[in-house]
Amino acid sequence: MEKKKTETHRPLLRSFGAQQVIVIGVIVVLFLFFSVASASFRRYTTVVTLCNYMYYILLMAIGVTFPLITGGVDLSIGTGIICYSIVGSYMISQKGMPVLGGMLVALLLALIIGFVNGIIIAKLDLPPFITTLCTMMIARGLGSILTGGLSGVWPMAGSPGGWCRSIFKITVGGRVIPIGMIWMILLVAVMSVILRRTRVGRYIIAIGSNKEALRLSGVNVVKWQVIAYLISGLFAGLSAISYACTFTNITPGTGAGLELDAIGGAIIGGTSMTGGSGSIFGTFLGVLVISLLKTGLPYIGLQANWQQIITGMVLIGAVAIDMAKRHQAE
Amino acid sequence: MGDTILTMKGIDKSFPGVHALDHVDLEIRKGEVLALMGENGAGKSTLMKVLTGIYKKDAGTITYEGREVEYTDPRHAQEDGIVIVHQELNMMGHLTVAQNIFIGREPRAGLFIDDAKMNADAKKLFGQLNIEIDPQETMSRLTVGKQQMCEIAKAISHKAKIIIFDEPSAALTDAEIEQLFKIIRGLRDQQLGIVYISHRMDEIKQITDRVTVMRDGCYVGTLITADCTKDDIINMMVGHVIYEDPKTESHVRPDAPVVLKVEHLNAGRMVRDVSFELHQGEILGFSGLMGAGRTETARALFGADPKESGEITIKGKKVDIRTPEQAVAAGLGYLSEDRKRFGLALKKSVTENSTLTCLPKYCKGPFLNQKEERKVTRKYVEALNTKTPGIDQLVVNLSGGNQQKVVIGKWLIGDSDILIFDEPTRGIDVGAKQEIYELMNQLVEQGKSIIMISSEMTEILRMSDRIIVMCEGRITGELGIEEATQARIMHFATLRS
């Protein structure tokens, strides 16, 4: 009887690994450190800034966790979100579409890019790194061409269509409340369930563990691999919407490197770079680390370049832990 | 029999939760081949890893040429002349034979590598072994057998005094095994100490002088090979007697319907115009030498590789199978010869592996029905007597025999009627082998039909109701079990067109 009990509880325990515990520790340490080092960090606006960063990185990261688990990667999401939000703004300001229409166009385009990635990788068997590197370049060019190099602008708060800004934050009694966090937590929960408790999730994990064994078990691996990239595309689209609603002004031709924040977050959260394992909650924690660094470092006088250096070092640490775990397993 | 060159005494080694070696003794003598036998998990590999310094022992002594040694790095053992020829070869496919042999210690001419000397030295080594390999050939172009000989040449170049062969014959053809034995005898005559690890009983009788048997991490005993029978050794290994009697008559009912009909199947060079029938409740053995095209036939039939032409009829219905998905839907199941590469997601649990072939059956809408999934997995773990601490155990932690049972369970849960067993007992210990044979017999009694590809003659003769022999991609013969003999099978297996 006792044995049975431990058996049923194991899978949950496994999804919450030792790495997550370390990452939570890192988050606490970072938070304390910034709070002690800078008085202005200890203010409410910091939370708002942190959330602004978290939304678009987290959405990208949740999506990219799926290709990562299959043993692939999706580099197109960074320039992708800029491209999709520019195309969305173009539809709204030039084509007279309502804001909702612009959002849907952005999502649709993101899904198309995700599908193209998936087909090229799964059906034509091209390496994911190269394929998505190319779609990354395509996405960057596409946005700039469409707007003729001009910035894309999404409605400001108060202007027509400005409702879109209150998806992620509302002002109550002069105080900004980042309600976007509710959607984030919901999405983390939903995607965790999809990864752990559905057929899609099981197959995607199995592709990363042993794609050929899955194929020889009579499973259509092409289909499920495409779905992994579709999920990545869908979340890049959602990320584009959150980016547009948070930052309003979108500069074409940018976005390269944003994908690394997302991929970095996933890896810090324990997703294996060689595929086969990973968790959405881990990705959430990893993105929290990245966002904390982005928010906190300026408070102690370290600007963008320093952020990159420190993020790079944190990533190496995360990868080292992943490798150490693997060696231990062997 | 020569003098003792190395003794291991009271070797003890524990891993968390496992007492892997329990005061094991071993004696290696000059000019002698010592067989080290035991089921998988008996501790043979661990003992050899302790000897060469891959693992650190907890207790015991190793005396080598009169002095006590303790290696902390396999390289030190190698420099001292103790070398392992691994089951999985560690060669760099893109480099030449000579470059592989002298990697890390290339002869120099000034700043540059002295290629001429390196090739000449390699040639000299092959001369010593009495084999013909071009030192300038690219390694990946050699057969597995030749590659292994390069590994042996490399061992000799290290001035080896003790060579340990870890299941060297697993991937070799009969002719290559013959040549390997010639080399091993040559090395023995040069007064080297040889340790030979293998599961194949016939080879042990042929090549070794003494047999040391281990069981469950303990030393069981040592016999003089010439003075003991196969059954003596097996008894020591498993503790009970197993006889390997051939089948004498077909167990298939005369009116059993044809469940699978393959006509004029062609796929590449290795599958040429293959036609055969499989009856319900039959075990159809596919025999032949390595590279005869048996696995290729199975893979083409299963849709794993593309085929050029051919008609497949299952239970009277023509089916078009171009992907494994279609094959599974048509009721086929394929247990690959290489379960680690093609059969299992090693780092996933027994449960996750068990339901891969039919996950939709264990889903409610898009959601997994994990309760049912675990129930059916538990049922088959018990039915197949799979030894695992639990159904959440990662498959990588199970022994070869138990991994194979997980793969079999996977296809049984998938409810395939026609099962292709490709080398079902490769790398599996005697006890588990017996269980898998019994299981196959039970399956055909229940009305399933089995195609069994096997390179082990005893297995073919023991399990099959009918035997198809292939050579160079063609079916060269068909034998009922009543008329089949080892000699007849070999005749067809070497019948080149």
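This report describes the fold of chain B and its two domains.

## Model and numbering

This is a predicted model: local features need pLDDT of at least 70, side-chain atom pairs count only at pLDDT 80 or more, and totals for chains, interfaces and linings use all residues. Residues are numbered from 1 along each chain as its sequence is written, while chains are lettered from A and ligands numbered from 1 in the order in which they are written.

## Overall shape

Chain B has 497 residues, and a compact globule of that length would have a radius of gyration near 23 Å; the value for chain B is 24 Å, which agrees. That radius is taken over C-alpha atoms, and the globule rule is 2.2 Å times the number of residues to the power 0.38. The C-alpha trace spans about 70 × 50 × 50 Å along its principal axes.

Of the residues of chain B, 46% count as buried (20 or more other C-beta atoms within 10 Å of their own, with C-beta atoms placed from the backbone).

## Secondary structure and contacts

Chain B holds 17 helices and 24 strands. These are DSSP runs, numbered from the N terminus: helices are H or I with at least four residues, strands E with at least two.

Two residues are in contact if their C-beta atoms, placed from the backbone, lie within 7 Å. Among contacts in chain B with a separation of 6 or more, 68% join residues 24 or more positions apart.

## Two domains

Domain 1 of chain B covers 4-238 and domain 2 covers 258-493; such bounds come from an automatic or database domain assignment. Their centres, taken over C-alpha atoms, are 33 Å apart. Each domain gives 10 residues to the contact. On the domain 1 side, helix α8 (residues 230-238) gives the most, with 3 residues.

Terms used. Buried ≥ 20, exposed ≤ 12 C-beta atoms within 10 Å, placed from the backbone.
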